[in-house]
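Thanks for making the time, everyone. I would like to walk through a few parts of this structure slowly, so please keep the view open while I talk.

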Amino acid sequence: MSSVELPQLRPTLADVARAAGVSTATASRVLNGFPRVRPKTRKQVESAMSALGYARQRAARATAGRTGSVALVVCEEVLRLFADPYFARISAGAGKQLTEAGLQLVLLTVPATENYEAPVVRYLDGGHVDGALVVGMHGRRPLDLDWLGIPVVFGGRPVRPGGCSSYVDVDNRGGAQRATQRLIDAGRRTVATIAGPQDMTAGVDRLLGYRQAVAGVGRGDRGLVVFGDFGQASGEHATTRLLSRRPNVDAIFAASDMMAVGALRALHRAGRRVPGDVAVIGFDDLPIGRRTDPPLTTVRQPIEEMGARMTGELLAMLDGSATPRCAVLDTKLVLRATA
């Protein structure tokens, strides 16, 4: 896998839309010859394309052939990318498939800064890669990739419903519900959760699974829900807040293993025994969970398989499959010592 420095490349369809004073979707409809566009709007978009040289770029791209490269677009800060093993495991699953197919994996990151998406979209639209795998999408800062002339497969269900996107997801809701039910069945009375970001479908679905389990036994309590960003520090801070407002908590379902590790640190600092005083379950089954003290009970999601499946779907699209496909992989509760 190689990382590249993103240059300021040729104009994208977003640039054309901005110049024409229309939405990207409208510019895309003009480009693809859709009939339901007002003549005045069509003329504005075509004039902008001509002025920016966009049409000539697309024509050159159509005859350029395959590049032999596929982009892995990670919508996270660079430091988070290298701190969270999840992304490394996705990359490993994708990289193995691409190596077998004789293709190169190119890493692109999308930081949460102003105009964050412009360099990445310019790169993707510049004829440098044959397709893209996109992981870590946030609803607050969605990449508008539907109009690109390359196939795209998402890791996780896209935040925005609809469209013609292919994605590979895991059963986040079912896994969270099973984990929470395990805590309830073990006799825990005050079961809290450290939920993930609510602008990501994984965060939304795992919180929903928790809520379904506690509602099933009549224990819904908003005060038992705290939030993190899937990272270790956020799990530690969230647990500290939770203990201050619900000191009687005796179980925590954390929506990621890294947040669960943070929860264990906070519980140890507060003098709470695990699992004697507070049981803890995470989600991911990262290697770090086997090394915590005590070892972490968690929900296993097949991360490498997810990366490989995403790549398989992308390769099928590159070979001519135009039908979007959606796959949801199973999860499994892995019992260790924390619950």
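This is a predicted model: local features need pLDDT of at least 70, side-chain atom pairs count only at pLDDT 80 or more; totals for chains, interfaces and linings use all residues.

Leaving aside its neighbours within four places in sequence, T41 is in contact with V22 and T26, where contact means heavy atoms within 4.5 Å. T41 sits in helix α3, residues 39–52, and helices here are DSSP runs of H or I with at least four residues, while strands are runs of E with at least two, both numbered from the N terminus. Because its relative accessibility is 9%, T41 counts as buried, a word that means under 20% relative accessible area, with exposed being over 50% and partly exposed in between, using a 1.4 Å probe and protein chains only.

Residues are numbered from 1 along each chain as its sequence is written, and side-chain values use heavy atoms, with hydrogens and water left out.

Now to a pair of helices. The axes of α6 (residues 85–100) and α12 (residues 303–318) come within 7 Å and cross at roughly 40°, and that makes α6 oblique to α12. Axes are lines fitted to C-alpha atoms, for helices over the stretch in contact, and angles run from 0 to 180 degrees between N-to-C directions; under 35 degrees counts as roughly parallel, over 145 as roughly antiparallel, 65 to 115 as roughly perpendicular, and the rest as oblique. On the α6 side, the contact is made by residues including Y86, R89 and I90, and on the α12 side by residues including I303, E304 and M306.

The second pair is α8 (residues 172–185) and α9 (residues 201–215), whose axes come within 7 Å and cross at roughly 35°. Among the residues making this contact are N172 and R173 of α8, together with A202 and D205 of α9.

Finally, which order do the strands of the open sheet follow? The six strands run β8-β7-β9-β10-β11-β13, with mixed pairing, and two strands pair if DSSP finds at least two bridges between them. The edge strands, each pairing on one side only, are β8 (225–227) and β13 (332–334). Neighbouring strands of this sheet are turned by 20° against each other on average, direction ignored. Strand β7 (residues 191–195) runs parallel to β8 and is joined to β8 by three bridges, and A195 has F227 in β8 as its bridge partner.
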